[in-house]
Protein chains: 2
Amino acid sequence: MMKKADISKLIRPNIRSLKAYEAKEIPCRVKLDANEGPYSPLPAVKILADKAILSSLNRYPDPEGKALKSALAKSIGVSSRNILLGNGSDEIIYYLISALGGPVLFPVPTFVMYGVISQTLGAKAIPVPLDKDFDLDTGKIISIIKNQKPKLIFLSSPNNPTGNCFSSDRILKIIAASKGIVVVDEAYHPFACSRGFLSSLKKYRNLAVLRTMSKVGFAALRVGYMVAAEELIREVNKVRLPYNLNSISQAVALQGLKDKKIINALTKDVAKERSRLMKELSAMDGVTPYPSEANFILFRVGDADGLYRELLKQGVLIKNLNGMITNAMRVTVGTRRENDIFLKALRSALKKN
Amino acid sequence: MMKKADISKLIRPNIRSLKAYEAKEIPCRVKLDANEGPYSPLPAVKILADKAILSSLNRYPDPEGKALKSALAKSIGVSSRNILLGNGSDEIIYYLISALGGPVLFPVPTFVMYGVISQTLGAKAIPVPLDKDFDLDTGKIISIIKNQKPKLIFLSSPNNPTGNCFSSDRILKIIAASKGIVVVDEAYHPFACSRGFLSSLKKYRNLAVLRTMSKVGFAALRVGYMVAAEELIREVNKVRLPYNLNSISQAVALQGLKDKKIINALTKDVAKERSRLMKELSAMDGVTPYPSEANFILFRVGDADGLYRELLKQGVLIKNLNGMITNAMRVTVGTRRENDIFLKALRSALKKN
């Protein structure tokens, strides 16, 4: 029989020192902390119409996700062979680092999973601070590319949690300089003005683009995908678990894509509300919001910890980023009603704070 | 711009030599190749009743899967803290090998993913042939435990594809001898007579039990789980992606568990049909079936490749294991009607062959 200490000795050291990713549920009436779409864009009745899936729960999913891949491919003008489906983009990041290893370079602050998954898989992570405008420090990154030859570079653009798109010319410079794969994570692209990098895939074979359905109303499903050169897709596909995307998510995502209008309506609503939120936040004393091309806004205050608690008392949950960026908070753009509740709560909290 | 060869040079050598797991869809009218349950046990109408999930598609899943974990815990008499949920057992195998590393020991022939995932993650795999009765070669395994100290040992019992349970005393001997974690994969346990190893968890802290909902009618959902000491669950949970199980699978699995009768009915039907299939196969000239405690039967024939093709011509898809076990095939227990079609097709194919 093993003693208590023995199990943790079996765990690889890079995991032992890792903390579990916290995604706690915090009770609230207005949830604006997770960059989800503000409403469910697909009427339940449309899903229910697809009895075929529900009556074949006993069958394994299509391991290739052919129908969904083909619909995604069509919607962005590439071939299915350029697409890898993931159980969320998270899983694709896991697979990329599994397949290529490190070093893994990414700017900070950014989406935390690039660093977490690097540590999980024992790959060296190289975090590079953004410049004072939250843009890429090209000089520093290119010098690291030369010296440390990162296998993977993750660039979230629009960047979470800063909200801005990185300059296209800086991204292109990095892609051109890198001998490793540059992954432009376009999770928030639907809310941005820029064209994104899909059109650069033909020119740069070491470019990969990540997209997700999580921000446009389908976070429940866990559907992310990578668009890249066939050769990269083929190699990363080798480490993919064969049935990584369940049948129902495949079917519901497919239905969502069939009716483009529902996603378009949601993204337009969000963009409109984002402008309004931006204007209101800018007008508040003691609040400095940053321009955003995503479905959230980063803003700075005098005392983020205090405001966070005050807002929560009023049932409004947003993200407190203090610790990552001093006195910064991130609010997801909600419905008009949710945003009004947030603004009212923020005004009242600022007075008390 | 990169040349064609450059991408594959970026891929880790253990992945480069890996072949993608093939899970091709082969058209057929009777599908008895994948050890799925023969029918969907949950009436579609029950799923549709859960409008709550369908109307919150925009929200991320519960990252802890609290409701499902609690229902599973209750059904097997452990605490939720002893359970880790996976997007299928495959994902848990991935996480175990990520967290502990190799060497990874498993008997062969067995479920192929232990070896595939070991290679994917660059962990040394130690395959140990089963003895002539398809039971564990305890002498050999214990000598390897002493010399190579495997971090993980995977024992699928009932074993896929042989169908038998390994002797309990041999499994216990291995658990007692190992300083690493011994994972008893009980995917097929619902169809077995033996009690399984959940009751041994209290005594052996280095034991982990894998279970799945895939074989009892819910393969579409991808719900697998590990039951083990809290400390092991806590460590492996660190490498789990926070939203690995989508909302709909959580909700539908929960509904399936609420009505135990539906799963019980399915497993009883399968056991009854398995006896009938066994009797019929035993009576056929040129067919040697092996006793099974799973939802499939392994059998040997004179020419598996030829028979496989003949059966497929008649629309019946089973698993050809030739290459893994000479002239062996594996048929999943289907509905009475499906099994009749299979038996008729097999008789006719044997005549032609």
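Guide: A definition to begin with: two strands pair if DSSP finds at least two bridges between them. With that in hand, A:Val183 has A:Ala208, in strand 7 of chain A, as its bridge partner. Keep in mind that this is a predicted model.

Visitor: Which residue in strand 7 of chain A is the bridge partner of A:Asp185?
Guide: The partner of A:Asp185 there is A:Leu210.

Visitor: And in what sense do strand 6 and strand 7 of chain A pair, parallel or antiparallel?
Guide: Strand 6, residues 181-185, pairs with strand 7 in the parallel sense, over four bridges.

Visitor: What about strand 7 and strand 8 of chain A?
Guide: Those two pair in the antiparallel sense, over five bridges, and strand 8 covers residues 224-228. One of the links joins A:Arg211 to its bridge partner A:Tyr225 in strand 8.

Visitor: What holds strands of a sheet together in general?
Guide: Strands of a sheet pair through backbone hydrogen bonds, parallel or antiparallel.

Visitor: What is the strand order in the chain A sheet?
Guide: The order is 2-8-7-6-5-3-4, in an open sheet of seven strands with mixed pairing. Strand 2 (83-86) and strand 4 (125-129) of chain A are at the edges with a single partner strand each, so one side of each has no neighbour in the sheet. From one strand to the next, the twist averages 25 degrees.

Visitor: Back to strand 7 of chain A. Why is it described as largely enclosed?
Guide: Because six of its six residues, 207-212, are buried, strand 7 of chain A is largely enclosed by the rest of the structure. Buried here means under 20% relative accessible area. On one side the buried residues are A:Leu207, A:Val209 and A:Arg211, and on the other they are A:Ala208, A:Leu210 and A:Thr212.

Visitor: Which helices lie across strand 7 of chain A?
Guide: Helix 5 of chain A, residues 66-76, lies across strand 2, strand 7 and strand 8, at about 125 degrees to strand 2. Helix 11 of chain A, residues 230-237, lies across strand 2, strand 6, strand 7 and strand 8, at about 135 degrees to strand 8.

Visitor: New topic. Is B:Ser214 buried or exposed?
Guide: B:Ser214 is buried, with a relative accessible area of 1%. This serine is in helix 10 of chain B, residues 214-218.

Visitor: What is B:Ser214 in contact with, leaving aside neighbours within four places in sequence?
Guide: B:Ser214 is in contact with A:Tyr60 from chain A, and with B:Glu36, B:Gly37, B:Ala219, B:Arg222 and B:Val223 from chain B.

Note on methods. Residues are numbered from 1 along each chain as its sequence is written. Chains are lettered from A and ligands numbered from 1 in the order in which they are written. This is a predicted model: local features need pLDDT of at least 70, side-chain atom pairs count only at pLDDT 80 or more; totals for chains, interfaces and linings use all residues. Side-chain values use heavy atoms; hydrogens and water are left out. Buried means under 20% relative accessible area, exposed over 50%, partly exposed in between (1.4 Å probe, protein chains only). Contact means heavy atoms within 4.5 Å. Axes are lines fitted to C-alpha atoms, for helices over the stretch in contact, and angles run from 0 to 180 degrees between N-to-C directions.
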